[in-house]
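Trainee: I have a model open and want to learn how to read it. Where do we start?

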Amino acid sequence: MSAQVLINECKDKMNKAIEATKNRFASIRAGRANVAMLDGIKVEQYGSMMPLNQIGTVSAPEARLLVIDPWDKSIIPAIEKSIIGSNLGLTPSNDGKVIRLIIPELTADRRKEYVKFAKTEAENGKVAVRNIRKDMNNALRKMEKDGEITEDELKRFEDEVQKLTDNTIKSIEQLLATKEKEITTV
């Protein structure tokens with residue numbers, strides 16, 4: 001494997017770390033309805049656990065309302081049970097056809113909790129990026145030790161990996177700033 005292939009692999013892994021952080025941020029409530037809030041919920045259907053979005057339609061018709069329209073109406077109780085057990089703090093109500101989730105206004109304390117949680121998720125993303133950097137640098141050093149690249153090339157590739165790391169961490173910090181603003185804006 002060439003060093004440039006390693007650098008490309010590094011870019012891909014760091015982009016995936018950014019996407020994973022974005023996905024985790026999407027599940028954090030910000031006071032308004034977002035269908036991504038329900039992405040982690042799985043419902044038992046026919047003996048297996050299914051993601052909520054695969055057993056019905058999830059929509060946000062209003063700023064503070066989520067509507068779940070299951071394809072099979074008989075699983076409404078199972079969906080309600082999964083939502084209650086999800087620790088989202090939402091209380092489902094149903095009319096036999098759809099489930100409605102009213103998103104309550106966030107209190108100041110709750111907003112602080114969500115900001116803290118967002119910071120934790122951002123830090124997890126940064127740790128993942130730093131681990132990718134460490135793995136790439138170790139692979140490059142092994143290539144240099146094995147005579148596949150020169151010492152000068154090693155230094156150049158390590159600098160390139162560091163630039164990728166810095167840019168990726170900056171992207172995660174920008175995502176965090178955006179999410180914090182979204183959470184704290186009333």
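This is a predicted model: local features need pLDDT of at least 70, side-chain atom pairs count only at pLDDT 80 or more; totals for chains, interfaces and linings use all residues.

Trainee: How many bridges join strand 4 to strand 6, and which way do they run?

Mentor: 4 bridges join strand 4 (residues 65-70) to strand 6 (residues 99-102). The two run antiparallel.

Trainee: In what order do the strands of the open sheet lie?

Mentor: The order is 3-4-6-5, with 4 strands and antiparallel pairing. Strand 3 (56-62) and strand 5 (92-94) are at the edges. Each has a single partner strand, so one side of each lacks a neighbour in the sheet. From one strand to the next, the twist averages 25°.

Trainee: Which helix packs on the sheet?

Mentor: Helix 2 (residues 76-84) does, touching strand 4, strand 5 and strand 6. The direction of helix 2 makes about 165° with that of strand 5.

Trainee: What about the hairpin of strand 1 and strand 2?

Mentor: Check the pairing, then the turn. Strand 1 (residues 42-45) and strand 2 (residues 48-51) run antiparallel, joined by 4 bridges. Glu-44 stands opposite Met-49 in strand 2. The hairpin has 2 residues between the strands, and Tyr-46 takes a positive phi near 55°.

Trainee: Now helix 4. How far does helix 4 reach from its first C-alpha to its last?

Mentor: Compare the reach with the expected value. Helix 4 (residues 151-184) has 34 residues and reaches 49 Å, close to the 50 Å expected at 1.5 Å a residue.

Trainee: Which residues of helix 4 are buried?

Mentor: First the general idea. An α-helix has 3.6 residues a turn, so residues three or four places apart point the same way. Now this case. The buried residues of helix 4 include Leu-154, Phe-157, Glu-158, Val-161, Leu-164 and Thr-165. Helix 1 (3-26) and helix 3 (108-145) are among what covers the buried residues of helix 4.

Trainee: At what angle do helix 3 and helix 4 pack?

Mentor: About 170°, with their axes 10 Å apart. That makes helix 3 roughly antiparallel to helix 4. The residues of their contact divide into 14 nonpolar, 6 polar and 12 charged.

Trainee: Why does Glu-158 count as buried?

Mentor: Compare the relative accessible area with the cut-off. Buried means under 20%. Glu-158 has a relative accessible area of 18%, so Glu-158 is buried.

Trainee: Which residues does Glu-158 touch, not counting residues up to four places away in sequence?

Mentor: Glu-158 lies in helix 4. With that exclusion, Glu-158 touches Asn-137, Leu-140 and Arg-141.

Conventions. Residues are numbered from 1 along each chain as its sequence is written. Side-chain values use heavy atoms; hydrogens and water are left out. The expected span of a helix is 1.5 Å times one less than its number of residues. Buried means under 20% relative accessible area, exposed over 50%, partly exposed in between (1.4 Å probe, protein chains only). Contact means heavy atoms within 4.5 Å. Axes are lines fitted to C-alpha atoms, for helices over the stretch in contact, and angles run from 0 to 180 degrees between N-to-C directions. Angles under 35 degrees count as roughly parallel, over 145 as roughly antiparallel, 65 to 115 as roughly perpendicular and the rest as oblique. Ala, Val, Leu, Ile, Met, Phe, Trp, Tyr, Cys and Pro count as nonpolar, Asp, Glu, Lys and Arg as charged, and the others, Gly among them, as polar. Two strands pair if DSSP finds at least two bridges between them.
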